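Thank you all for coming. I would like to walk you slowly through one protein model today, so please look at the sequence and the structure as I put them up.

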Amino acid sequence: HPSVSPKTSPKNALPAGPMSPTQLRKAQATDYLRCHAIEGLLQGLVHKLLEVRPTQPLDFMLQYLQHHKVLRQQAAAAQHPASPAAGTGEAPSTLRKRQQEEKERQEREVREREEAKQKEETKQKEEKEKKEKEQREWRGRGLREKRE
């Protein structure tokens, strides 16, 4: 992204007049985030994160960002179907294939995480049941000893 200045920024993100170095850096950062639609992306990510409240928030955030990356690439490819896709130098068919492979990889990772979570939950449930059984057995022995 080129350096931001009142001449190059169509929305004129920088205030008119002299600015301190701190104000300039802040204005450039804000313009960069807007230019690349990062503000909205992060707001959407945080909103979805709080809505879903996943047990693995980092995995959820990575999946969310990867999904939106693919969406942006598809949107860019749709806007310029005759040119190389999304500035990657790939033909649209190659990009679509790569995107499909990425989607399948993500789905596989989600399934694997879910399976691992289910296995862990089953293991914890079995351990709990085993402890409860042992406690019942100990109580039963204690009652028999008192009777004798």
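Which side chain meets that of Glu 51 in a salt bridge? Please keep in mind that what you see is a predicted model, and in it the partner of Glu 51 is Lys 48, with 3.4 Å from N to O. Both residues belong to helix H2, which covers residues 38-52, and because they are three residues apart there, about one helical turn separates them. In general, an α-helix has 3.6 residues a turn, so residues three or four places apart point the same way. Lys 48 itself is partly exposed, with a relative accessible area of 32%.

Let us move on to helix H4, residues 92-147, where Glu 109 and Arg 105 lie four residues apart, again about one turn of the helix. Salt bridges that share partners join these two and Glu 102 into one network. The side chains of Glu 109 and Arg 105 meet at 2.3 Å, N to O, and both residues are partly exposed, Glu 109 at 30% relative accessible area and Arg 105 at 29%.

A further salt bridge, at 3.6 Å from N to O, brings together the side chains of Arg 34 and Glu 39; here Arg 34 is exposed, at 52%, whereas Glu 39 is partly exposed, at 34%. The count of salt bridges comes to five.

Finally, consider helix H3, residues 57-79, whose 23 residues should span 33 Å at 1.5 Å a residue, which agrees with the 33 Å between its end C-alpha atoms. Its buried residues are Phe 60, Tyr 64, Val 70, Gln 73 and Ala 77.

Key
Residues are numbered from 1 along each chain as its sequence is written. This is a predicted model: local features need pLDDT of at least 70, side-chain atom pairs count only at pLDDT 80 or more; totals for chains, interfaces and linings use all residues. Side-chain values use heavy atoms; hydrogens and water are left out. Helices (H or I, at least four residues) and strands (E, at least two) are DSSP runs, numbered from the N terminus. The expected span of a helix is 1.5 Å times one less than its number of residues. Buried means under 20% relative accessible area, exposed over 50%, partly exposed in between (1.4 Å probe, protein chains only). A salt bridge is a side-chain nitrogen of Lys or Arg within 4 Å of a carboxyl oxygen of Asp or Glu.
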